[in-house]
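Me: I am new to reading protein models, and I would like to go through one with you. Could we take it in short questions and answers?

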Amino acid sequence: MEEAACHRRGFTLIEVMIATLILAMLVFALYRFISTTLRALDATTQLSEERQGIDALTRLVQSQLNDLPARGSGVLLGKANQFQDLASDEMTWLCHAGQGVMTGAAPGEYRVTLTVQPAKDEKKELELGLRRELVTADAKSQVDFFTRGGGSAKYNWLPLIRPIAALEIRYWDARTNSKIKQWNDLNARPSYVQMKIWKRADDLPYEVILPVPAARLQPQ
């Protein structure tokens, strides 16, 4: 009788196997849940960082458009380009030291171009940035500034967003009530600028419309 009672208090091999299988299934389900959650958090963080980068770029460009004078020649120009069958447009404006040049101590006037170009360390990868060229400055200040910035005497490149797939810029011409690909008028200003930025070619673009206050002040 005592031997039978001791035997009943133990677990059979089948019971142990079933318990182990249930435990393994619970662990696997927990692993899948944690793994999925971490991937979702990582994707959300990446999208948030990308969004913050685009927002920062948008604020930069808007500040430059806000500073455009109502009068003056060639203060804003735009050119439509393509690179590997994708839009690779350029927008160029004139400015002095400040946010557009990313320094408050730079001498002279600058021609700043928002554009896309291959990354220096990875030719297959593109980056969006500012190409900064001095328009007026003494020779020594020009050399000093570009040397500090890691550029050449021709222009200084400041990368902002990487990687990038495409950049499309359009301009609203109030005189014709139409959106155009290029802005070649040296004296007029578009009413607004529309930018579309593709981080990856198969993604939906980030799209923003930026008003140009000087367009309301320029003589008709």
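Predicted model: local features only at pLDDT ≥ 70, side-chain atom pairs only at ≥ 80, totals over all residues.

Me: Which residue meets D185 in a salt bridge?
Reply: A salt bridge is a side-chain nitrogen of Lys or Arg within 4 Å of a carboxyl oxygen of Asp or Glu. For D185 the N to O distance is 2.8 Å, and the partner is R175.

Me: How many residues apart in sequence are the parts that D185 and R175 tie together?
Reply: Helices (H or I, at least four residues) and strands (E, at least two) are DSSP runs, numbered from the N terminus. D185 lies in the loop between β9 and β10, and R175 in the loop between β8 and β9. R175 is exposed, at 54% relative accessible area. The parts tied together by this pair are ten residues apart in sequence.

Me: How many residues apart in sequence are the parts tied together by D89 and R170?
Reply: The side chains of D89 and R170 meet in a salt bridge of 3.0 Å, N to O. D89 is buried at 2% relative accessibility, and R170 is buried at 14%. D89 lies in the loop between β3 and β4 (90–96) and R170 in strand β8, so the parts they tie together are 81 residues apart in sequence.

Me: How many aromatic pairs are counted?
Reply: A pair of aromatic rings is described by the distance of the centres and the angle of the planes. Rings of Phe, Tyr and Trp (its six-membered ring) pair if their centres lie within 6.5 Å; planes under 30 degrees apart count as stacked, over 60 as edge-to-face and the rest as tilted. By this rule, the number of aromatic pairs is two.

Me: What kind of pair do Y171 and W183 form?
Reply: Y171 lies in strand β8 (residues 166–173), and W183 in the loop between β9 (178–180) and β10 (192–198). Y171 is buried, with 0% relative accessible area, and W183 is buried at 2%. The ring centres of Y171 and W183 are 6.3 Å apart and the planes are at 40°, so the pair is tilted.

Me: And what is the angle between the planes of W172 and Y192?
Reply: W172 is in strand β8 and Y192 in strand β10, 20 residues apart. W172 is partly exposed at 24% relative accessibility, and Y192 is partly exposed at 22%. This aromatic pair, W172 and Y192, is stacked, with 5.8 Å from centre to centre and a plane angle of 5°.

Me: What is the omega of the cis peptide bond that joins R162 and P163?
Reply: Most residues other than glycine have a negative phi, and most peptide bonds are trans. P163 is found in the loop between β7 (156–161) and β8. For the cis bond between R162 and P163, omega is about -5°.

Me: What is the phi of Q84?
Reply: Q84 is placed in the loop between β2 (82–83) and β3 (86–87). Q84 is exposed, with a relative accessible area of 61%. Q84 is a residue other than glycine with a positive phi, near 55°.

Key. Residues numbered from 1 in each chain as written. Heavy atoms only, no water. Buried < 20%, exposed > 50% of the residue type's maximum accessible area, 1.4 Å probe, protein only.
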